[in-house]
Amino acid sequence: MESRPEDVIDRRGVDREESGRHPGDHHPIRTCVGCRGRDRQSHVMRVVAQPIDGQDVAVIDERRRLSGRGAWLHPDPACLETAVKRKAFHRAFRGPVDTVRLAVDFQAYLERRDERSDSPPSSLKAGQNPHGNPMSTQR
């Protein structure tokens, strides 16, 4: 049997094309705790449990830098509703977490994201500051 470069087999013995990943596609894949769908890390949001007033509360980690175990969620209200209904955050964080604040923060996050997508794209070129002058690192 002749082997072709596009028939790359991953560690589990699954053809990458069948698994949804292509040889040149090196993006981390995460699973949404709501719909259980797999997607690129850049397409899902990270949620972490933070101790607030002696209770663990699920909060959105917009910068993806907060410490602790994270759960991934599509920015879709249906995924949030499903995750809360199935208590997916309790399982992901290995203990009870309050998700009331998450619902409020989630709506605010979606509104901010929509505002950013509605704004016109920046016409700045690399190496320019907002005033149009080139940035210089030499003095």
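A nonpolar core is a set of buried Ala, Val, Leu, Ile, Met, Phe, Trp, Tyr and Cys residues joined through side-chain atoms within 4.5 Å. The legends below describe close-up views of a predicted model.

**View 1. The largest nonpolar core and its contributors.** Of the 20 residues in this core, the ones that touch the most other members are Val33, Val47, Leu73, Phe89, Phe93, Leu102 and Phe106. Strands E3, E4 and E5, together with helices H2, H3 and H4, each supply at least two residues of the core, and H4 gives the largest share, 4 residues. In soluble globular proteins, nonpolar side chains tend to be buried together.

**View 2. Helix H4 (residues 100-118) and its buried side.** The 19 residues of H4, at 1.5 Å a residue, should span 27 Å, and this agrees with the 28 Å that separate the C-alpha atoms at its ends. Leu102, Phe106, Tyr109 and Leu110 are the buried residues of H4; because they cover an arc of only 100° around the axis, they lie on the same side of the helix. These buried residues pack against E3, E4 and E5 as well as helix H2 (77-85) and helix H3 (88-92), whereas the face of H4 turned away from its buried side carries the exposed residues Val100, Val104, Glu115 and Asp118.

**View 3. The surroundings of Leu102.**

**View 4. The aromatic pair of Phe89 and Phe93.** A pair of aromatic rings is described by the distance of the centres and the angle of the planes. The count for this model comes to 1 aromatic pair, in which Phe89 and Phe93 are stacked, with 6.2 Å from centre to centre and 15° between the planes. Phe89, at 1% relative accessibility, counts as buried because the value is under 20%, and Phe93 counts as buried at 12%.

**View 5. Strand E3 (residues 45-52) and its two pairings, with E4 and with E5.** E3 pairs with strand E4 (residues 55-61) in the antiparallel sense over 7 bridges, and Arg46 stands opposite Asp61 in E4. These two strands form a hairpin with 2 residues between them, and Asp53 in the turn has a positive phi of about 55°. The pairing of E3 with strand E5 (residues 70-73) is also antiparallel, over 4 bridges, and here Val48 stands opposite Gly70.

Note on methods: Residues are numbered from 1 along each chain as its sequence is written. This is a predicted model: local features need pLDDT of at least 70, side-chain atom pairs count only at pLDDT 80 or more; totals for chains, interfaces and linings use all residues. Side-chain values use heavy atoms; hydrogens and water are left out. Two strands pair if DSSP finds at least two bridges between them. The expected span of a helix is 1.5 Å times one less than its number of residues. Buried means under 20% relative accessible area, exposed over 50%, partly exposed in between (1.4 Å probe, protein chains only). The arc is that of the directions from the helix axis to the C-beta atoms. Contact means heavy atoms within 4.5 Å. Rings of Phe, Tyr and Trp (its six-membered ring) pair if their centres lie within 6.5 Å; planes under 30 degrees apart count as stacked, over 60 as edge-to-face and the rest as tilted. Lists of a residue's contacts leave out its neighbours within four places in sequence.
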